[in-house]
Protein chains: 2
Amino acid sequence: MEFNEKQIDILLAAERLFATKGFDGTSVRDIAQEANVNVAMINYYFGSKDKLLDTFFEWRVPDFMINVDELSLVGSALDKVDVMVDRYVKSMNSHRKLYRVIAIESTLKQRMLISEAFKKLKIHNLEVIASIINSGIAEGVFKTGNDPILIHSMMMGTFMNFQMNQVFLQEQLGIADDDGYGQYIETTLTEFIQKTIKALLTYEK
Amino acid sequence: MEFNEKQIDILLAAERLFATKGFDGTSVRDIAQEANVNVAMINYYFGSKDKLLDTFFEWRVPDFMINVDELSLVGSALDKVDVMVDRYVKSMNSHRKLYRVIAIESTLKQRMLISEAFKKLKIHNLEVIASIINSGIAEGVFKTGNDPILIHSMMMGTFMNFQMNQVFLQEQLGIADDDGYGQYIETTLTEFIQKTIKALLTYEK
DNA sequence: AGCAAAGTTAAACAAACGTTTAATTTAAAC
DNA sequence: GTTTAAATTAAACGTTTGTTTAACTTTGCT
């Protein structure tokens, strides 16, 4: 599916507004104004407000994918954890708005048209984590009995918590601006998640 | 602040709807129907839809508080972690709807009237975690250099991730119904978070 | 140049929104 | 029993909502 310049303007405007005000809190006139287009253009190009959301998710699916296939290249299982977490956080952090929209709307809209595509990607990501755990067990470094689903939930949840509570956390951490917050996520938070997963996978009992 | 039976009906109906459809996705007529009252009663008792949300949060503040004061009674720092996590998860799990509403609306509404109260409680909870870490360091069991904010974010984020992605996770974990999901959270997920924090705090380097 | 399709616009549409009104019923006080 | 306040109702209020219309402009093709 390809979009012209004006359609992309609308999609980007919608993303900005959905991420800050939510889908239901955003009117098509808001989107039209933000994108500098006539209100009717949205229905002309996308059919309806609901279909715009569907199309938006469809459009962003590639950005939701996290490329961890080269993980097999790096050496030890401990290093694999570091690389995986780094890729995850960098990818999510560079698409903060998308992840905010997904987080908010996927909980509200019980049946998203596009959720199947996201599901597949999630399942693939779970398999990557499982393979890292198994390679670590084979190396004799990781303990057995750790569920990839729980580790994935911990990683995603910790990151998303930083997205959803930015105002509170930014103040608590004494960070001045949004850029500084993004930097904190890519350094300190990344290291924390890496350390947590490695600690968990090597923990006795 | 005290409420009569009809006001509580409205607050409970609002909670149910806000948790599933969000504030903007819920109309006052929806709430009135869910609570079996006339539409005008909502404005009569609460002034406006916005003030209803404020009042709802105010009403639920006590349920947002997590009682961890008796933590000092239990023995080792490792046990304190177990007790704290257990209290946290049990409290959050018994007020799932409230936590969903907070999670969704606190990100959208940039300035909630009640957010100061929640902030205070969060800060208090952070102090409890800090004291547990310090007692563990004094015992010689925990390593230094762990930020309570990050541990708190991990715990909350992991739990919230289970709230926000219930459909996906319930299917992946092969859990039949909502009760089973709640049970999983109170057993397996609780143990996972406990283990993760203890692993992290005792992790070398 | 002429024509058909695509793009663009302001205006209008009905429906839903939050809120208010005015009339009526219920409850409490004297 | 009468009076006064609180509770409750159906109806209407003016806006805003998502969407459509119909007229107009631009574009691309022969």
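Start with Asn38(B). An N or O atom in its side chain sits 3.3 Å from a phosphate oxygen of DNA strand D. That is a polar contact, meaning a pair of N or O atoms within 3.5 Å; within protein, one must be able to donate a hydrogen and the other to accept it, and residues adjacent in sequence count only if both atoms are side-chain atoms.

A word on the source. This is a predicted model, where local features need pLDDT of at least 70, side-chain atom pairs count only at pLDDT 80 or more, and totals for chains, interfaces and linings use all residues. Residues are numbered from 1 along each chain as its sequence is written, chains are lettered from A and ligands numbered from 1 in the order in which they are written, and side-chain values use heavy atoms, with hydrogens and water left out.

Tyr45(B) places a polar side-chain atom 3.3 Å from a phosphate oxygen of DNA strand D. Lys49(A) uses a polar backbone atom, at 2.7 Å from a phosphate oxygen of DNA strand D. There are 16 residues around DNA strand D; near means a heavy atom within 4 Å. H3(B) gives the most to this surface, four residues. Helices here are DSSP runs of H or I, at least four residues, numbered from the N terminus.

Which residues come closest? Tyr44(A), Val28(B), Arg29(B), Ser48(B) and Lys49(B), out of 16 around DNA strand C. Tyr44(A) has a side-chain N or O atom 2.9 Å from a phosphate oxygen of DNA strand C. For Lys6(A), the side-chain distance to a phosphate oxygen of DNA strand C is 3.2 Å. Of the DNA strand C atoms within 4 Å of the protein, 50% are sugar or phosphate, and the rest belong to bases.

Next, chain against chain. The contact (heavy atoms within 4.5 Å) takes 47 residues from chain A and 47 residues from chain B. The buried area is about 4000 Å², with 66% from carbon and sulfur atoms. Buried area is the accessible area, 1.4 Å probe, that two parts lose on being put together, summed over both.

One helix pair to look at. The axes of H10(A), residues 178–202, and H8(B), residues 148–164, come within 11 Å and cross at roughly 70 degrees. Therefore H10(A) and H8(B) are roughly perpendicular, a label for angles of 65 to 115 degrees. Axes are lines fitted to C-alpha atoms over the stretch in contact, with angles from 0 to 180 degrees between N-to-C directions. Among the residues that meet are Phe192(A) in H10(A) and Met154(B) in H8(B).

Methods. Helix = DSSP H or I, 4+ residues; strand = E, 2+ residues; numbered from the N terminus. Parallel < 35°, antiparallel > 145°, perpendicular 65-115°, else oblique.
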